[in-house]
Amino acid sequence: MNKEFSRYGILFVVSAPSGAGKSTLCDALRQTSDFVYSVSCTTRPPRAGEIDGDDYHFLSEAEFAARANAGEFLEHANVHGKYYGTLRDPILRNLHKGVDVLIDIDTQGAAAIRAFDDAFVRQALADVFIMPPDLEELRRRLTKRGTETAEQIEVRLVTAAREMELWREYRYTIISRSVEEDLLKFRHIMGAERYLSGRMILT
Ligand code: 5GP
């Protein structure tokens, strides 16, 4: 039997409380050619070293609202008082071409994609929750990162505790250890997802 198999792209969604090690993991994954990383839009101001169009598309509230009204987002949410949104077109284009896409979004965004009204998107989804070892470790990591004020860290910790309750909604959970370990676990997930019979197209 000499059949040709191809497949549609996988939409890898990674969520984690801030400071759980997700950005480090996503940065490491972005260095590979395994997938296209989807750059989100946000109304939060850039942090030191962040590049517009690379880390995020930094938009004003008016620009964000206009794009939301034009239906440009696959999902969008208010996180810590700022708006964040995932652009629809580049994701769909890549998935149809068979290119895997990685998005780093919060638990509201992941829930919206799980409930998305297009079965193609729901079937493409492979959602992964990165669980911080515990809240104290999260506090230490956020303090060490030094990009938030003490007050902002407290807000993020409250959100983190709430988000950590949602891990069961995700198909996969990685308990964050070192970057190397997290990366290896993610690669196992990636490998298995690529061989799901349901993802294969026989031509
Ligand atoms: P940060 O401001 O630290 O970069 O991100 C704050 C939170 O917003 C993180 O949990 C991140 O995953 C989430 N986020 C980033 N982009 C998006 C997006 O497009 N949609 C949603 N729903 N959340 C996002």
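1. **The largest pocket.** In this predicted model, 46 residues line the largest pocket. Lys22, Ser23, Arg47, Asp104 and Arg145 lie nearest its centre. The space in this pocket comes to about 1,100 Å³. By class, its lining has 19 charged, 14 nonpolar and 13 polar residues.

2. **Who builds that lining?** Which helix gives the largest share of the lining of the largest pocket? Helix H1 does, with 7 residues. H1, S6, S7, H6 (135–145), H7 (150–164) and H8 each supply at least two residues. Look for both helices and strands in that list.

3. **The second largest pocket.** This pocket holds about 280 Å³ of space. Its lining has 13 residues, and Arg44, Lys82, Glu148, Gln152 and Arg156 lie nearest the centre. S7 and H7 are the elements that give two or more residues to this lining. H7 gives the most, with 3 residues. The classes here are 5 nonpolar, 3 polar and 5 charged.

4. **The cavity.** How many cavities of 30 Å³ or more are counted? The count is 1. The largest cavity has a volume of about 30 Å³. Tyr37, Ser38, Ser40, Asp55, Tyr56 and Asp104 line it. That lining splits into 2 nonpolar, 2 polar and 2 charged residues. Asp104 is also among the residues nearest the centre of the largest pocket.

5. **The open sheet.** Five strands make an open sheet with parallel pairing. Read their order as S3-S8-S2-S9-S10. The edges are S3 (36–37) and S10 (172–175), and each of these strands pairs on one side only. Strand S9 (residues 125–131) runs parallel to S10, and 4 bridges join the two. Within this pair, isoleucine 130 stands opposite isoleucine 174 of S10. Strands of a sheet pair through backbone hydrogen bonds.

6. **Helices across the sheet.** H1 (residues 22–30) lies across S2 (11–15), S3, S8 (101–104) and S9. Its direction is at about 160° to S8. H8 (residues 179–194) lies across S2, S8, S9 and S10. Helix H8 runs at about 165° to S10.

7. **The hairpin.** S6 and S7 form a hairpin with 2 residues between them. In the turn, histidine 80 has a positive phi of about 50°. The two strands run antiparallel, joined by 6 bridges. Valine 79 stands opposite lysine 82 in S7. Is strand S6 (residues 73–79) mostly covered or mostly uncovered? Strand S6 is mostly covered, with 5 of its 7 residues buried. S7 ties back to point 3, as one of the elements lining the second largest pocket.

Technical notes
Residues numbered from 1 in each chain as written. Predicted model: local features only at pLDDT ≥ 70, side-chain atom pairs only at ≥ 80, totals over all residues. Heavy atoms only, no water. Pairing = 2+ DSSP bridges. Contact = heavy atoms within 4.5 Å. Axes fitted to C-alpha atoms, helices over the stretch in contact; angles between N-to-C directions. 1 Å grid on protein atoms, 1.4 Å probe; cavity = no way out; pocket = protein on both sides within 12 Å on 5 of 7 lines; lining within 4 Å. Points joined across faces, edges and corners; volume = space filled by probe spheres on them. Nonpolar A, V, L, I, M, F, W, Y, C, P; charged D, E, K, R; others polar. Buried < 20%, exposed > 50% of the residue type's maximum accessible area, 1.4 Å probe, protein only.
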